[in-house]
Amino acid sequence: MGLSWLSANNLSCTYPGTNLGVAVDDTTLGFVYQFMAGVGYYFNPRTAVTFCYRYFDVLDRSFETPLGEINLEGIGVHNLEVGLRYFF
């Protein structure tokens, strides 16, 4: 959990159901969180392969525009990671 500095520079948005468009140029501080889980398989005491899953999301995604506030959706990110570890 933590905070993230979010910036939208020259982002074009169109309001649903209208032809009204606006350029977003704003910065905001948002609460973020991530969840991680993983497993490792040791081939021998010095070598392992790892598999990890990570989900990262921003809770406050709103920016101010001349026409009012815009709340962005779909910022959450799913990551799948595969790694190889060698221990010295």
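The largest nonpolar core has 9 residues: Leu-6, Ala-8, Cys-13, Val-22, Val-24, Val-32, Val-58, Phe-63 and Ile-70. Strand E1 (2–14) and strand E2 (21–44) are the elements that give it two or more residues. A nonpolar core is a set of buried Ala, Val, Leu, Ile, Met, Phe, Trp, Tyr and Cys residues joined through side-chain atoms within 4.5 Å. Buried means under 20% relative accessible area, exposed over 50%, partly exposed in between (1.4 Å probe, protein chains only). Strands are DSSP runs (E, at least two residues), numbered from the N terminus.

This is a predicted model: local features need pLDDT of at least 70, side-chain atom pairs count only at pLDDT 80 or more, and totals for chains, interfaces and linings use all residues. Residues are numbered from 1 along each chain as its sequence is written, and side-chain values use heavy atoms, without hydrogens and water.

Met-36 lies in strand E2. Met-36 counts as partly exposed because its relative accessibility is 49%. C-alpha to C-alpha, Met-36 and Cys-52 are 7.2 Å apart in space, yet 16 residues apart in sequence.

The table lists contacts (heavy atoms within 4.5 Å).

| Residue | Touches, not counting residues up to four places away in sequence |
|---|---|
| Val-22 | Leu-11, Ser-12, Cys-13, Tyr-15, Thr-65, Pro-66, Leu-67, Ile-70 |
| Met-36 | Tyr-53, Arg-54 |

Now the surface. Met-1, Leu-3, Trp-5, Leu-29, Phe-31 and Leu-59 form a nonpolar patch there, with about 770 Å² of accessible area together. E1 and E2 each supply at least two of the patch residues. Leu-59 sits in the loop between strand E3 (47–58) and strand E4 (62–65). Patch residues have over 30% relative accessible area and no salt bridge, and nonpolar side chains (Val, Leu, Ile, Met, Phe, Trp, Tyr) are joined within 5 Å. A salt bridge is a side-chain nitrogen of Lys or Arg within 4 Å of a carboxyl oxygen of Asp or Glu. Accessible areas come from the Shrake-Rupley method with a 1.4 Å probe; for residues, only the protein chains shown count as cover.

Conventions
Helices (H or I, at least four residues) and strands (E, at least two) are DSSP runs, numbered from the N terminus. Patches are made of residues with over 30% relative accessible area and no salt bridge: like charges are joined within 9 Å, nonpolar side chains (Val, Leu, Ile, Met, Phe, Trp, Tyr) within 5 Å.
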